[in-house]
Structures are given as C-alpha cells and as structure tokens.
Amino acid sequence: MNGANPQGSAVKAAGWSLIIAAFSFIGVFSYLAAKFAYPDVLDGAAADVLPALLSMGSEGRAVWAFYALIPLLLLPAGIGAQAALHERTPSLGRAALVLAAFSAAALMLGLLRWPSIHWSLANAYVGTSDEMQRAAITAVFDGLNSYLGNYLGEFIGELTLGAYFLVIAVGTLRSSVLPRWSAYAGGFAAFAGFIAMWRNVTPAVAVVAELNNWVLPLWMLVLGVLFVRAGRSLPQSVLEHGHKVA
C-alpha cells in the first residue's frame, strides 16, 4: 500500500524552511536598514549605536529577537538535505546536517546579543553620565561585537553556511538529486559567502559582501523551491527503483 515517503516529507520541509528563512531575512534586513542603518551600524561606536538601539523601542527589540531565531530554520533544512543525499552520498548528507546545525547555532548566538546583552548595555549607557562607566560599557560592547558578532556569527556562522551550500552542490553532482545547474549556482553562492565573510578583515571584499546580502536570500529561495520539488518526486523515484513505500 502506497503512502507518504518520510524522506520526501523531510526534503519538502527543508525546502519550505529555506523559503520562509529567505523571505524572513529580506523582511527583517529591510526593516533594520530603514530603522537602524543596518548593516553599516555594525561598525559604529557604542556612543552612537547603543542609544540608537534603545530608540527602536519594544518593536525593534522584537524584530531583533525574531531575526535571531531565523537561523533555527537551518535545522530542518539540514535534516532535509541529509534525507535528499542519503541514498547515494550518505557521508555528504551527514555533513550537510552537521554544517547546518553548527551554522544555526553560531548565527543565532551572534544575533541574540542585540535584543539581550546589547539591550541591557544600551539601558545602562543611556542611564549614566559617568564617563568611566560608559568607558566600561563600551569595552564590553566592543568585546561582544568582536567575539559573538565578528568571529562567531559573521565568520563561523557564514563559513559553515557556505560549506552547507557547497556540500549540497557536490552531492548534487554525484547523485543528481537536484538539477545539475543548481550545483554550479550553489557553488557560486557558497564561494560568494566565503569571500564576504572576510569583510571584517579587509575592505577589499566590501563589494562582494554587499552583493552577498542579496545572493544569500536569493539562493536560499531557489534551493528551497528545488527541495520542495525534489521532495514531491521522491516517492515516485523510490517506487521506480523497486523500493516499497508504506
């Protein structure tokens, strides 16, 4: 008796997760660009950034919290990628899942500093006129931006996200689970991210970093659609290969 294929369902869930993540990223990015001069504000001084952050109010804080949760959608995306690649390239499937999980954790932790620790720092900074206290707050703010922002979120998070795209691209070439052209498109998206993640090291990659702000959600959207289509075809593919679908 034929029924739903669990692998196909996982792949479709991955696709919808990437689609939702792409649209959510575009919406939040646009909001923060208009209300908070994002992403240029990331290089701003505490004296400018913290009061501006606080002025966003509860709505802005909620948007930051929502932004920080978007990377969690990479978890079902990783599970679906493993399901899609498992039959012919199981090692790449496992790698995709691990990379998606690491990327989700790193990106989420990097973004969560804004509605949590930075929000508290902003209240403390605005609430005092003591220069020594403000200097201490500034030091904490800069340190957190360096560790949680630059190193963990923008470097480790984007490195593992790009590697996730690259693994899927290689798996596609080996298994044809997705159209072959998508492997080259995914490789391009991955390497654009690999270059962009050095933006805190050298201004030479500024143009690529700016381009990547649009390449990333576009590729997530395209990959999501491809996963949804692949998930729908998996039950029939399994039947054609002589496997029983219960």
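Residues are numbered from 1 along each chain as its sequence is written, and side-chain values use heavy atoms, with hydrogens and water left out. Because the model is predicted, local features need pLDDT of at least 70 and side-chain atom pairs count only at pLDDT 80 or more, while totals for chains, interfaces and linings use all residues.

Start with charge. Side chains of opposite charge can pair when their charged atoms come close. The structure holds two salt bridges. The term means a side-chain nitrogen of Lys or Arg within 4 Å of a carboxyl oxygen of Asp or Glu. Arg199 pairs with Glu154, with 3.7 Å between the closest N and O atoms. Arg199 sits in the loop between α8 (180–196) and α9, and Glu154 in helix α7 (residues 131–175), so this bridge ties together parts that are 45 residues apart in sequence. Helices are DSSP runs of H or I with at least four residues, numbered from the N terminus.

Glu158 also meets Arg199 in a salt bridge, at 2.5 Å from N to O. Glu158 lies in helix α7 and Arg199 in the loop between α8 and α9, so the pair joins parts that are 41 residues apart in sequence.

Glu154 is buried, because its relative accessibility is 11%. Glu158 is buried too, at 16%. Arg199 is partly exposed at 29%.

Next, empty space. Rolling a probe the size of a water molecule over the atoms shows where empty space is left. On a 1 Å grid over the protein atoms alone, a cavity is a set of points where a 1.4 Å probe fits but cannot get out; a pocket is an open set with protein on both sides within 12 Å along at least five of seven lines; lining residues have an atom within 4 Å of a point. Points are joined across faces, edges and corners, and a volume is the space filled by probe spheres set on them.

The largest pocket has a volume of about 1,100 Å³. Its lining counts 41 residues, and Phe29, Tyr38, Glu158, Arg199 and Asn213 lie nearest its centre. Two or more lining residues come from each of α1, α5 (90–112), α7, α8 and α9. α9 gives the most, with nine residues.

The search of the whole structure finds one cavity of 30 Å³ or more. The largest cavity has a volume of about 50 Å³. Its lining includes Phe165, Ile168, Trp219 and Leu223. α7, α8 and α9 each supply at least two lining residues, and α7 gives the most, with four.

Now helix α9 (residues 206–240), where Asn212 is placed. Asn212 is buried, because its relative accessibility is 8%. Beyond residues up to four places away in sequence, Asn212 touches Ala189, Ala192, Gly193, Ala196 and Pro217 (contact: heavy atoms within 4.5 Å). Arg229 is also found in helix α9. Arg229 is exposed at 59%. Its C-alpha atom is 18 Å from that of Leu74, 155 residues apart along the chain.

Finally, Phe23 belongs to helix α1 (residues 6–36). Phe23 is exposed, at 52% relative accessibility.

Definitions and conventions:
Buried < 20%, exposed > 50% of the residue type's maximum accessible area, 1.4 Å probe, protein only.
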